[in-house]
Amino acid sequence: MAKKKKKFGKKLKYALYAVAVGIFALMVTVASVGLGSAVRHRTELFIPTGASYAQVQDSLRASGNVKMFKFEIISRIKKYPSYVKPGRYVLQRGSTAMAVVNKLRIGMQDQVRLTLRKVRTPEVLASIVSSQIEADSASIVQLLTDSAFLSGFWFPAQECENPDDISDTLPLNAQTVMCCFIPDTYYCFWNMDAKSFFSRMFYEQNRFWNGFRRGQARAMGLNRVQVSTLASIVEEETLNKEERPDVASVYLNRYRKRMLLQADPTVKFAVGDFALRRIRKEHLKKESPYNTYRTQGLPPGPICTPSVSSIDAVLQNKPTKYLYFCAKADFSGTHAFAETYSQHLANARAYQKELNNRGIK
């Protein structure tokens, strides 16, 4: 009996030794595979929402920059196939398989730079945005024209000291929604859907309208929709930032005197032809709330997404007596401003003459 016990003890000892050796060998293998460099060159990996492990493999394999044998071994050990998370991931050159798998497994995304520029329509906005995040353009356009969805967001009817005051509000609609988009660069996660994108932009818009800007608008008796709408006209009128305060003063003076704004860019918006180089009588006859040659006051919403420069040009409210302006005849891209109509007519004739001389119709 003693011999049998001794023999069993030796077998158990050898078995435990073999297990220990196996575990050690496995640890050495994992260390050599997992800790050695697995990424040959910097790689951007985009994992769509709902993607499978097989799709991740296909993307990495297609890049040709990742040592797939190492990646797949560590993925299995770490059970990554059950934890695939969407997003944009930057895999740096020299990263180990362990580091790559850990990053993907916990969803440690790298943000994208979402750049918004001046646009005139939701369709163009959606096209630009969808090229930078996962949400497709159709879903973004659908959201920006969905009255039921937009009514859940609001702007203050009058700017007040407390940004959370909801006693007097204006629900968003398809005409005012473009006020939410301030041209700038934002950092965000690539796998945003349309609703997440809009919520982020609405938040950024509220942050832009800080206490100082709300105070400026309140002093003028305007709300942010009116300021943004006026700023969009200024934006379309001139590329010259230095003269934007003068252009803003013209429209503010006309608005306060209850004169027709008669802004040519609103006519282009009304007729849907942004390439017009010369506004003619048939264009001025267009029936539209955006045609300020026929409709009193401001359009129902912005005709483009105005820059910070144009918004601040309105808010700073440069005091002048200008009521008119037109492009200079030297085609410098700047404008001649006038206080009287007779002065303006002289400037306009000079410009019209030069248009004719250049054959611009």
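## Starting with contacts

Two residues are in contact when heavy atoms of theirs lie within 4.5 Å. With that in hand, take His 335: leaving out residues up to four places away in sequence, His 335 touches Glu 237, Thr 238, Glu 243, Phe 325, Cys 326, Ala 327 and Lys 328.

Some ground rules before going on. This is a predicted model, in which local features need pLDDT of at least 70 and side-chain atom pairs count only at pLDDT 80 or more, while totals for chains, interfaces and linings use all residues. Residues are numbered from 1 along each chain as its sequence is written, and side-chain values use heavy atoms, with hydrogens and water left out.

## The chain as a whole

The protein chain has 15 helices and 8 strands. These are DSSP runs numbered from the N terminus: helices are H or I with at least four residues, and strands are E with at least two.

Of the 361 residues in the chain, 44% count as buried. Buried means under 20% relative accessible area, exposed means over 50%, and partly exposed is in between (1.4 Å probe, protein chains only). Among the contacts with a separation of 6 or more, 64% are between residues 24 or more positions apart.

## Back to His 335

His 335 sits in strand β8, which covers residues 335–338. Is His 335 buried or exposed? His 335 counts as buried because its relative accessibility is 9%.

Its side chain also takes part in polar contacts (pairs of N or O atoms within 3.5 Å; within protein, one must be able to donate a hydrogen and the other to accept it, and residues adjacent in sequence count only if both atoms are side-chain atoms). One of 2.6 Å links the side chains of His 335 and Glu 243. The side chain of His 335 also reaches the backbone oxygen of Glu 237, at 3.4 Å.

## The largest pocket

The largest pocket holds about 1,400 Å³ of space. Of the 43 residues lining this pocket, Glu 237, Asp 264, Ala 327, His 335 and Tyr 351 are the closest to its centre. How is a pocket found? On a 1 Å grid over the protein atoms alone, a pocket is an open set of points where a 1.4 Å probe fits, with protein on both sides within 12 Å along at least five of seven lines, and lining residues have an atom within 4 Å of a point. Grid points are joined across faces, edges and corners, and the volume is the space filled by probe spheres set on the points.

Which element gives the most to the lining of the largest pocket? That's α15, with 7 residues. Elements that each supply at least two lining residues include α10 (224–237), α12 (264–271) and β7 (324–327). By type, the lining divides into 23 nonpolar, 7 polar and 13 charged residues. Here Ala, Val, Leu, Ile, Met, Phe, Trp, Tyr, Cys and Pro count as nonpolar, Asp, Glu, Lys and Arg as charged, and the others, Gly among them, as polar.

## Nonpolar cores

In soluble globular proteins, nonpolar side chains tend to be buried together. A nonpolar core is a set of buried Ala, Val, Leu, Ile, Met, Phe, Trp, Tyr and Cys residues joined through side-chain atoms within 4.5 Å. The largest one has 63 residues, and Ile 133, Phe 181, Phe 197 and Phe 198 touch the most other members. Apart from this core lies another, of 21 residues, including Ala 51 and Met 98.

## Thr 266, a buried helix residue

Thr 266 lies in helix α12 and counts as buried because its relative accessibility is 0%. What does its side chain reach? The side chain of Thr 266 gets to the backbone oxygen of Ala 263 at 2.6 Å, and a polar contact of 2.7 Å joins it to the side chain of Thr 292.

Lys 318 is in the loop between α14 (308–316) and β7, and is partly exposed at 36% relative accessible area. Lys 318 and Ser 249 are 69 residues apart in sequence, yet 5.9 Å apart in space, C-alpha to C-alpha. The side chains of Lys 318 and Asp 246 make a polar contact of 2.9 Å.

Lys 79 lies in the loop between α3 (68–77) and β2 (87–91) and is exposed, at 56%. Although it is not a glycine, Lys 79 has a positive phi of about 60°. Phe 331, in the loop between β7 and β8, has a positive phi of about 55° and is not a glycine either.
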